[in-house]
Amino acid sequence: AKSFRENPAFDLVLYGEGEKTFSQLMQALEQGEDWTGLSGITWRSGQSIFQNPPQLPLDLSQLPFPYEAQLIAQKDQIKYYESSRGCPYQCQYCLSSIEKGVRMAPLDKVFSELRLFIDAKARQVKFVDRTFNCDRKRALSIWKFLSENDNGVTNFHFEITAELLDEETLAFLSTVRPELFQFEIGVQSTNPETLLAIRRQNDWEKLCETVNTVKSFRNIHQ
């Protein structure tokens with residue numbers, strides 16, 4: 001509401017997850033239907049500002065694959081892919097802390113969609129999952145699938161928490177093709193007071209040990 005008062009040119013804003021809201025809004029506008037009752041919008045009518053209730057969290061199994069065939073065929077582009085939404089952590093500076101919990105797409109859906117990138121020999125697929133390996137078993141299943149179906153070309157990028165890599169996972173990672181995987185490992189702070197202030201705890205010694213272990217494999221860029 002504050003943004004609307006400060007910016008009189010704003011008539012309508014979608015907030016929260018946008019896929020369903022945007023689709024419903026476009027359909028209502030196209031068919032000349034009333035859109036003012038849609039969930040997930042803030043809108044203006046004269047001098048009045050209204051914020052409707054949020055959309056319910058989306059079922060990721062129902063989301064269609066976002067890439068059409070001609071986009072998949074563009075091998076030299078970085079493809080962004082999402083297999084989960086939300087984050088298990090609540091870092092106070094991060095927008096991801098607004099949503100509580102993590103929702104995950106079914107593995108059979110993830111595998112079938114990843115195969116499209118593999119078959120097209122995409123240069124890089126970048127997972128945008130906030131903490132890809134928050135579910136260790138699921139992460140390992142995906143990594144094994146990618147290794148077993150490796151085309152020798154495609155690189156997969158993941159944002160991970162290093163402390164969550166257990167011995168079984170590390171043993172597997174030591175075997176994968178060089179440059180198959182790339183890890184982005186967030187270090188929020190090395191200062192205990194800062195970590196307390198942002199409500200994020202980590203095991204600094206474990207993090208360093210794990211990063212050095214992965215580095216010793218000489219097959220995964222961090």
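This is a predicted model: local features need pLDDT of at least 70, side-chain atom pairs count only at pLDDT 80 or more; totals for chains, interfaces and linings use all residues.

In H5, the buried residues are Arg138, Ala139, Leu140, Ile142, Trp143, Phe145 and Leu146. Buried here means under 20% relative accessible area, exposed means over 50%, and partly exposed lies in between, with a 1.4 Å probe and protein chains only. Helices are DSSP runs of H or I with at least four residues, strands are runs of E with at least two, and both are numbered from the N terminus.

Residues are numbered from 1 along each chain as its sequence is written, and side-chain values use heavy atoms, with hydrogens and water left out.

What covers the buried residues of H5? The cover includes strand E6 (101–104), H4, E7, E8, H6 and E9. As to the geometry of the helix, H5 has 13 residues and should span 18 Å at 1.5 Å a residue; its end C-alpha atoms are 18 Å apart, which agrees. The expected span is 1.5 Å times one less than the number of residues.

Let me turn to Trp143. Leaving aside residues up to four places away in sequence, tryptophan 143 touches Phe132, Asn133, Phe158, Ile160, Leu165, Thr169, Phe172, Leu173, Phe181 and Phe183. Contact means heavy atoms within 4.5 Å.

Trp143 also figures in the largest nonpolar core, which has 38 residues; Leu114, Trp143, Phe156, Phe158, Phe181 and Phe183 touch the most other members. Such a core is a set of buried Ala, Val, Leu, Ile, Met, Phe, Trp, Tyr and Cys residues joined through side-chain atoms within 4.5 Å. Among the elements giving two or more residues to this core are helix H4 (107–120), helix H5 (136–148), strand E8 (155–160) and strand E9 (181–185). H5 gives the most, with 6 residues.

Now to a residue elsewhere in the chain. Proline 8 sits in the loop between helix H1 (2–6) and strand E1 (12–14). Is proline 8 buried or exposed? It counts as exposed because its relative accessibility is 63%. From proline 8 to glutamate 167 there are 159 residues in sequence and 57 Å in space, C-alpha to C-alpha.

Finally, the whole chain. The protein chain has 8 helices and 9 strands, and its C-alpha trace spans about 65 × 50 × 25 Å along its principal axes. Of its 222 residues, 37% are buried.
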